[in-house]
Amino acid sequence: MDRYSEWIESFLHDTAWKKETPIEGKATETPPPMEKPYSPDAEIIRLTEPGLLDDVPVNFLEIVELRASVRRYRDEPLTMKELSFLLWCTQGVKMETPQGTTLRNVPSAGARHALETYLLIQRVEGLTPGLYRFLALQHALLPIETGEEALEKFFPCFIGPGMIWGSAVTFLWVADFRRMTFRYGRHSARFIFLDAGHVCQNLYLAAQTAGIGVCAVGAFYDDDLNAALHFNGYDDFVVYSATVGKPLR
């Protein structure tokens, strides 16, 4: 058995559900909030309301067949409506439940929705370049660091950062791990990565309907990217990313 086989065997063993292993979360415990807190004084940027987004009729089979990764982009910016559409399709909140969970446009184990969306914005009409966080419950953006210099520290965190440089926006999906472990304990490690796949596929399909290019990116230096975002790498950590922009034809 080689070292990679040993690693996967260990991962599968440690995260397996066993009959004697109870589900972790208890009805008497208060679950973590469904959104990371932020200052009540923060000035948030409202996005186009989902109800005002364009309803585009599509041939779903055609969309699935034409879906492809796009790695080169024009200098043309995204509009705020286009960004709102992509965020709504990937993490949009349809309703909040009495149990303190949310129902969204993507599936998530136990409706835990432990992913937060961070955005490296370079070219979006009306927005200053910088790092933002999507506030799914408010369907709004929270500026974190703005200005061209705020983005410079992120480029070296990617292996082959050409697509990051050329994109209009880079989506970063960050796990708030406690939000998932509250319910599922060690098995949460599996669910987090499955959830990221659901979200990224929705991004691909939504972008395809709008004539926007996407390329999923898993090639990044985890420690460096987490440090750039001020995460410790185990309670909060980057799971997946994707570049977005108008395709270069």
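I began with β1 and β6, which pair antiparallel over two bridges. Two strands count as paired if DSSP finds at least two bridges between them. Helices (H or I, at least four residues) and strands (E, at least two) are DSSP runs, numbered from the N terminus. I found Arg46 opposite Ala140 in β6.

The model is predicted, so I kept to its limits: local features need pLDDT of at least 70, side-chain atom pairs count only at pLDDT 80 or more, and totals for chains, interfaces and linings use all residues. Residues are numbered from 1 along each chain as its sequence is written, and side-chain values use heavy atoms, with hydrogens and water left out.

Next I looked at β5 and β6, which are antiparallel and share six bridges. Phe134 stands opposite Leu141 in β6. The two strands form a hairpin with four residues between them, and His139 in the turn has a positive phi of about 50°.

On to β4 (residues 115-121): four bridges join this strand to β5 (residues 130-135), again antiparallel. I noted Tyr132 in β5 as the bridge partner of Leu119.

Then I traced the whole sheet. It is open, has seven strands in the order β1-β6-β5-β4-β7-β9-β8, and its pairing is antiparallel. The edge strands, β1 (45-46) and β8 (213-217), each pair on one side only.

Axes are lines fitted to C-alpha atoms, for helices over the stretch in contact, and angles run from 0 to 180 degrees between N-to-C directions. Helix α3 (residues 80-91) packs on the sheet, and its direction makes about 160° with that of β4. Helix α6 (residues 177-184) also packs there, touching β4, β7 and β9, at about 40° to the direction of β7.

Definitions and conventions. Contact means heavy atoms within 4.5 Å.
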